[in-house]
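Please consult the sequence and the structure shown below.

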Amino acid sequence: MKLIGSKTEHDLRKILVKSNELLFKSEENKRLLEVVRSLYPEMKVAYIIDWIPEQGEDIYKLLIDNNIILEIQLDQNNAEIKPIIEFKSITQYLQGLSKQNQIKLGVALDLASKYLDNMNS
């Protein structure tokens with residue numbers, strides 16, 4: 001997806017940067033980060049691109065580095081219950097995705113790519 005520098009993209013960029021900070025620094029996301037790191041110990045960057053709080057579980061969709069979408073369902077009440085995990089390629093995730101969520105993914109991919117480029121230079 002081609003980004004155009006719109007206000008929507010700017011607003012989404014702020015939200016995604018905050019999601020990255022919260023994932024790596026907040027106590028509330030400690031369990032989520034542990035699950036992600038157990039699956040991708042070599043992960044450099046991640047953005048929460050969707051979060052759905054349900055009655056008994058939280059459903060997260062994360063962009064890992066710049067190449068995989070990880071969907072994780074975490075039980076809210078019992079950390080002993082094994083999370084439900086699904087992996088998708090970017091192409092798979094894009095299928096049927098709303099325009100707003102396509103823009104959000106595009107911004108997240110841009111952020112991840114820039115972060116990874118900076119690490120390698």
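The points that follow treat the cavity and then the strands.

The model is predicted. A search of the whole structure finds one cavity of 30 Å³ or more. Strand β2 (residues 57–64) pairs antiparallel with β1 and with strand β3 (residues 68–75).

**Cavity**

- The space in the largest cavity amounts to about 30 Å³.
- Its lining consists of Ile 49, Asp 50, Tyr 93, Asn 101, Lys 104 and Leu 105.
- Two or more lining residues come from each of β1 (46–53) and α4 (99–120).
- The largest share of the lining, three residues, is supplied by α4.
- Sorted by class, the lining comprises three nonpolar, one polar and two charged residues.

**Pairing of β1 and β2**

- β1 and β2 run antiparallel and are joined by seven bridges.
- These two strands form a hairpin, with three residues between them.
- Asp 50, one of the residues lining the cavity, stands opposite Lys 61 in β2.

**Pairing of β2 and β3**

- Eight bridges connect β2 and β3 in the antiparallel sense.
- Glu 57 stands opposite Asp 75 in β3.
- The hairpin of β2 and β3 has three residues between the strands, and in this hairpin Asp 65 takes a positive phi near 50°.

**Burial of β2**

- Strand β2 is largely enclosed by the rest of the structure, because seven of its eight residues are buried.

Definitions and conventions
Residues numbered from 1 in each chain as written. Predicted model: local features only at pLDDT ≥ 70, side-chain atom pairs only at ≥ 80, totals over all residues. Heavy atoms only, no water. 1 Å grid on protein atoms, 1.4 Å probe; cavity = no way out; pocket = protein on both sides within 12 Å on 5 of 7 lines; lining within 4 Å. Points joined across faces, edges and corners; volume = space filled by probe spheres on them. Helix = DSSP H or I, 4+ residues; strand = E, 2+ residues; numbered from the N terminus. Nonpolar A, V, L, I, M, F, W, Y, C, P; charged D, E, K, R; others polar. Buried < 20%, exposed > 50% of the residue type's maximum accessible area, 1.4 Å probe, protein only. Pairing = 2+ DSSP bridges.
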